[in-house]
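User: Please take a close look at a single part of this model. Then set that part in its wider context.

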Amino acid sequence: MAARQVKTSDGGEAHRSGSIGPSPDPDAPSGNEVPAVSLRSISKRFGGVVAVDDASLNVAPGEVHALLGENGAGKTSLMNVLAGLYRPDRGAIWLNGREVHIASPEDAKRLGIGMVHQEQRLVGRFTAPENVAIGHREPRWFTPTRYFRRLAAQLNARYGLHVDAATPVWNLPIGRRQRVELVKLLHHGARILILDEPTANLAPAEVETFFRAIRDLTGAGCTVIFITHKLDEVLRYTDRVTVMRAGRVVASMATHETSREALNRLMVGELGERVGPATRAPGEVILAVRGLTLDDPTRAVNPRDVTFEVRAGEVLAVAGVAGNGQAGLVEAITGHIADYRGSVVVLGHELRELGARRTADLGVAYIPEDRREVGLVGGQSVAVNLALRRFDRPPYSRGGWVDYTAIRRDAVELIGRYGIRPPDPDVPVAQLSGGNQQRVVIARELSGDPKLIVADNFTRGLDPRSTQQFSDELFAHRDRGAAVVWITSDLGEALSCDRIAILNRGRLVAVLDRAEATRERVGLLMSGDLPAHESA
Amino acid sequence: MTFAASRPAFAWLLGLGGAIAFFLLFVLVLDRNPFTVFGAVLVGAFGSDVGLNRTIARAIPLLLLSAGLLLAFRAKFWNIGLNGAMYMGAIAASGVALYNPTAPGWLILPLMLLSALAVGAAWSLIPALLRVWFGASEIIVSLMLNYVAARIGDFLVISYWKDPNGRGFPGTATFQEGFWLPRLGSSNVHLGLLFGVVAMVAVWLVLSRTVWGLRVDLVGQGARAAQYLGISSAAVLLAVAGVSGALGGLAGAGEVAGLNHRLEAGVTQDLGYTAILVVSLGLLRPWLTAVACLAVAGLLVGGTQVQLQFGLPSAVSGVLLWAILYGVINAQNLAERWKGGAPPFRPAAREGTAAAVVSRLAASSGARGPRDGLGSSERSG
């Protein structure tokens, strides 16, 4: 098959803009097909966090290519590089056998690359044709209704949009809105479509329709890259699949050559050395959650009737794909919200009446997921950040005056004990690497020997060595007699815990003992592919 | 803190230099020798006893206003309403004076000051309460209240409180001498200077040494972290709003009791806005801000010198003043941009200030949610 030219609606605009190198492609994979997209050794770091690590990807023209991985595997970051939103630190992008340089979304657009993001980027008050016209050959001065009616008719004829030219898009069902986004990209000349978890908000019937539409597009010469963590959709609807894990591409194969189990294993990786099980029998109940239900309208998924217990000397994993109600659960068991139904009791105290501060005073340590924004105050020094829990009481303050000398003295000790680098209590914490920032949070939260530790995805974005070190720390506290709740989206981490509670769509679908939890079973429960009753 | 090497400091110098260069060019276009004019501004402000005396008198309200603003901005409470608070303070003090014309000064003068403090605080608490209760943007509310305060003042000085012997000019009668703030010798420098200095030193002490000051910075620099720690942002916001408004009110009282000895329309001379420029130049640090107060007061006073000496409108010094603000803001934005695509991590207290106000103004059409989530952000990919 000859190299398919990237055609825009203006007819080959791609050839005069964007900087397309003149040389033919020396690294083209053998075989008769030149990939429509070839990403070569792309790396992207954010501060100390490696988002994409030497990732390569080939996508043949006209195929539906799944980019599969867990949350935080780097899928979206890699695709943001292709869409011109991020500039890679290293690596090259080739389109149809020629190297291109994509410095901005405009460059990507000129080269025929379009991305549908997870959050929809339509203007709610505008109609579908208005949204489609924004930013591309829109009428210069006036925007007459007639123009949009004509455009709508054209779009309907060309792409089967089937929408009223007069309805604002916020009135459309979500599946329709997604179609508007697709049509917008096509109208803007996109022939390589990147879809970031497009089915996340779709009902099953809509998913079917959606993929039929995608097939029509590839039939018409488009190439589709489809970011997902849903195995089902990969197996049913895609031609090829590339699996990413921890920023790296770990495998790429034709979809019909693989299986659900194989993909699952590739996606979550092999376990490191499992930490030994608890040596002592669990002690008294530290945290008891009964029928916890939230109704926070700002979240898509809230905890529903969640019930579990955690005892002294055990680590309970709350495993689940992000966005399945973890956020609300964490806020409830750390005393940050009071408007929940059911009960949350820590050491005999109902948290509803306590509030965050007095909950912490009970001996509840909380390592938040977002250490930069929540766990730390970036502009303040390491010393102040280490004292954040106690700066307003003796010995750090007396009579309303802060004793910065005392704060600094204790900080020096903690910096030494936890190996924080650089070992300078006065440096603003924002200047530390991700791992060292997490050390500051852990030093602050765990140095007081807490009775309950709530750790929310606390290894996210850290290198393997720090990850190992921090989970060891957590298990050391378990062996000391602390109760630990570890919220995690990582299957390997979940399986290292003493018990695993699996959260799906706000409900605890199963609570398994370490002995009965297998990788496949937990993975499938997490993805919602295995109904809860099958696991019982 | 390595101030000299820090990025905001560099941006600051760059903006200042650019503004002065622009000013010199501007004067060149007006066909005057730019260096002579610039020199005349400086000499007019600081070169003579009269100039210095007027400069210090002008710095008094700026000290009070910027001390309050400093506190509010450090908590990221963007109080644009100090002009209104200052106006209301002047009105309150004048009211006490006008309705008790025969009472003894030792009783009335403190009452004037106290009522100004109280009314100013109440005025700034309006936007703070609306923000805490409903998530309303304090920028819009406090800005709008400035006009309300100014109209109330206008109304009073042309109606009920108008001086019957004022020959039609809008303004009240002069207060009796017992209600005047003591002055330093024969100068315009009144007791308000002491209040201003005390306020600025107190703000410095509070921010750098006290538990409450650290809370202000924590709420300002890490609202979500403060929530995580169980610090009540609402309490901090209400407190800084109240204190900043009170100091604004005191600035107004100082003008009527110390300088003009009567209430007249436009008593604030928009110093409530000028104070935003001052704290921006001062990078939200008390000592730098105090210096900025003096410098800006000098430019305001020196401008009149230009008018006398060169026949240029005194607005010429306003051009310099606001060019400085513009330059400093843009240099800060530029410095932010240079930092590039790093994670969205803001530097410390000195972030933005006026730049942040301006961008908040631009963004404030979007409503603030009643509460921001604290736990895991629901993201993936």
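Analyst: A residue is buried if 20 or more other C-beta atoms lie within 10 Å of its own, exposed if 12 or fewer, and partly exposed in between, with C-beta atoms placed from the backbone. The model is predicted: local features need pLDDT of at least 70, side-chain atom pairs count only at pLDDT 80 or more, and totals for chains, interfaces and linings use all residues. Residues are numbered from 1 along each chain as its sequence is written, while chains are lettered from A and ligands numbered from 1 in the order in which they are written.

The part is strand β4 of chain A, residues 64-69. Helices (H or I, at least four residues) and strands (E, at least two) are DSSP runs, numbered from the N terminus. Six of the six residues of β4(A) are buried. Val64(A), Ala66(A) and Leu68(A) point one way, and His65(A), Leu67(A) and Gly69(A) point the other way.

β4(A) pairs (at least two DSSP bridges between the strands) with β9(A), residues 223-228, in the parallel sense over five bridges. Here Ala66(A) stands opposite Phe226(A). β4(A) also pairs with β10(A), residues 240-245, again parallel and over five bridges. Gly69(A) stands opposite Met244(A) there.

Now the setting. Chain A holds 18 helices and 23 strands. Of its 536 residues, 50% count as buried.

Asn96(A) lies between β5 (90-95) and β6 (98-101). Asn96(A) counts as buried because it has 24 C-beta neighbours inside 10 Å. Leu347(A) lies between β15 (341-346) and β16 (349-350). With 16 other C-beta atoms within 10 Å, Leu347(A) is partly exposed.
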